[in-house]
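Welcome to my notebook. I open the structure first and then jot down what I look up, entry by entry.

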Amino acid sequence: MKRATRESYGITLAEIGNENKNIVVLDADLSKATKSQIFSNAHKDRFINVGIAEQNMIGMAAGLASTGKIPFATTFAVFASGRAFEIIRNSVCYPNANVKIAGTHAGITVGPDGGSHQAIEDISLMCSLPNMIVLSPADDIETCKCVKAAAEIKSPVYIRLGRLPVEDVNDKNYEFKIGKGTELVEGNDVSIIATGIMVAKAIEASKILKSQGINARVINISTIKPVDEEIILKAAKETKAIVTVEEHSIIGGLGDRVASVVCDKNPTIVKKIGINDVFGESGDPEELLTKYGLTIDNIVETVKLTIK
């Protein structure tokens, strides 16, 4: 079954809201699109529509956190990370407030909404903030578990969510843990490290590569910060090169996080696949993924060129 991670977010929030009465959800007038409406329908007394006022929403969330509540502030990723950045910095991260920020419609698969609404720098922005945990789940199963983990940990958390329905890459027995990556496919020739919706494409690319005699390890990094250095360094030591794949700018995203780890502790070739320092544009999500090289075929070709 395919399900968008934004929908998984809304469903899980409503479920854990039954158990934890301190959970409060705020939305900036986009609850139907972000799926926080699912929580609103179940817990009307703990849902606040702040209107088109993202900065105010973050300030309200910080205030609620100071009273012991667990606020989930929800809007499109481009507004959550961009428009509200200074409030997140000074009202959430600086005092280490227990605020959760859910940015839906991340990446270029927002499609027709165009470059103005396509968050391709949100990981970079949120990773730059001290005390912030940054999560980027790959599928429905992982999203459900990461939302629950975010509610349980006392820390600022940013959760990156997508609009496009995606296939599950994890099984129901998968154990999510903040700060830990997962090896989904074994291989000792090359490592493909992916996050979000690109994990499924990395797995498919590894199947093609295997048919061509190349054993590609596939690693899912769902916690961008704090990143799992152990699994990255193991890949650097055991394979010839690393290829990172993300629906985000290659500047400041997963690729840079991985490169920073290996550069410091085990120098290794790292090739980054992502948005190459340009803005997105309006279009069909699949056509945009093709235009910007976020495809199975491009992963395959990049891996082959890199290990040459």
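**Helix H1**

I began with the buried residues of H1, which are Thr5, Arg6, Ser8, Tyr9, Gly10, Thr12, Leu13, Ala14, Ile16 and Gly17. I use buried for under 20% relative accessible area, exposed for over 50% and partly exposed for what lies in between, with a 1.4 Å probe and protein chains only. Before going on, I note that this is a predicted model, where local features need pLDDT of at least 70 and side-chain atom pairs count only at pLDDT 80 or more, while totals for chains, interfaces and linings use all residues. I also note that residues are numbered from 1 along each chain as its sequence is written, and that side-chain values use heavy atoms, with hydrogens and water left out.

The names need a word too: helices (H or I, at least four residues) and strands (E, at least two) are DSSP runs, numbered from the N terminus.

What covers the buried residues of H1? I found that the cover includes strand S1 (23-27), helix H2 (31-34), helix H3 (37-42), strand S3 (70-76), strand S4 (100-104) and H8. Contact here means heavy atoms within 4.5 Å.

I then checked the length of H1. Its 15 residues should span 21 Å at 1.5 Å a residue, and the end C-alpha atoms are 21 Å apart, which agrees. The expected span is 1.5 Å times one less than the number of residues.

**H1 against H8**

Next I looked at how H1 (residues 5-19) meets H8 (residues 140-152): their axes come within 9 Å and cross at roughly 45 degrees. That makes H1 oblique to H8. Angles under 35 degrees count as roughly parallel, over 145 as roughly antiparallel, 65 to 115 as roughly perpendicular and the rest as oblique. The axes are lines fitted to C-alpha atoms, for helices over the stretch in contact, and the angles run from 0 to 180 degrees between N-to-C directions.

Which residues make the contact? From H1 I listed Thr5, Ser8, Tyr9, Thr12, Leu13 and Ile16, and from H8 Asp140, Thr143, Cys144, Val147, Lys148 and Ala151. Sorted by class, this contact has 6 nonpolar, 4 polar and 2 charged residues. For the classes, Ala, Val, Leu, Ile, Met, Phe, Trp, Tyr, Cys and Pro count as nonpolar, Asp, Glu, Lys and Arg as charged, and the others, Gly among them, as polar.

H8 itself is mostly covered, with 10 of its 13 residues buried. Among them are Asp140, Ile141, Glu142 and Thr143. From first C-alpha to last, H8 reaches 19 Å, close to the 18 Å expected.

**H10 against H11**

I turned to helix H10 (residues 229-238) and helix H11 (residues 254-265), which pack at an angle of about 65 degrees with their axes 10 Å apart. Glu229, Ile232, Leu233 and Ala236 of H10 meet Val258, Val261, Val262 and Lys265 of H11. I count by class 6 nonpolar, no polar and 2 charged residues in this contact.

Most residues other than glycine have a negative phi, and most peptide bonds are trans. With that in mind, I noted a cis peptide bond between Lys225 and Pro226, with omega about 0 degrees. Pro226 lies in the loop between strand S10 (223-225) and H10.

Lys35 is not a glycine, yet has a positive phi of about 75 degrees. I found Lys35 in the loop between H2 and H3, partly exposed at a relative accessible area of 24%. Asn96, also not a glycine, has a positive phi of about 60 degrees. Asn96 sits in the loop between helix H6 (85-93) and S4, and counts as partly exposed at 39% relative accessibility.

Is Ser81 buried or exposed? Ser81 is buried, with a relative accessible area of 1%, and is found in helix H5 (residues 77-83). Its C-alpha is 5.5 Å from that of Asp122, 41 residues away along the chain. Beyond its neighbours within four places in sequence, Ser81 is in contact with Asp122, Leu125, Met126 and Tyr158.

My last stop was Ile221, in the loop between strand S9 (216-220) and S10. Ile221 counts as buried at 0% relative accessibility. Leaving aside neighbours within four places in sequence, its contacts include Ser136, Gly181, Ile193 and Leu254.
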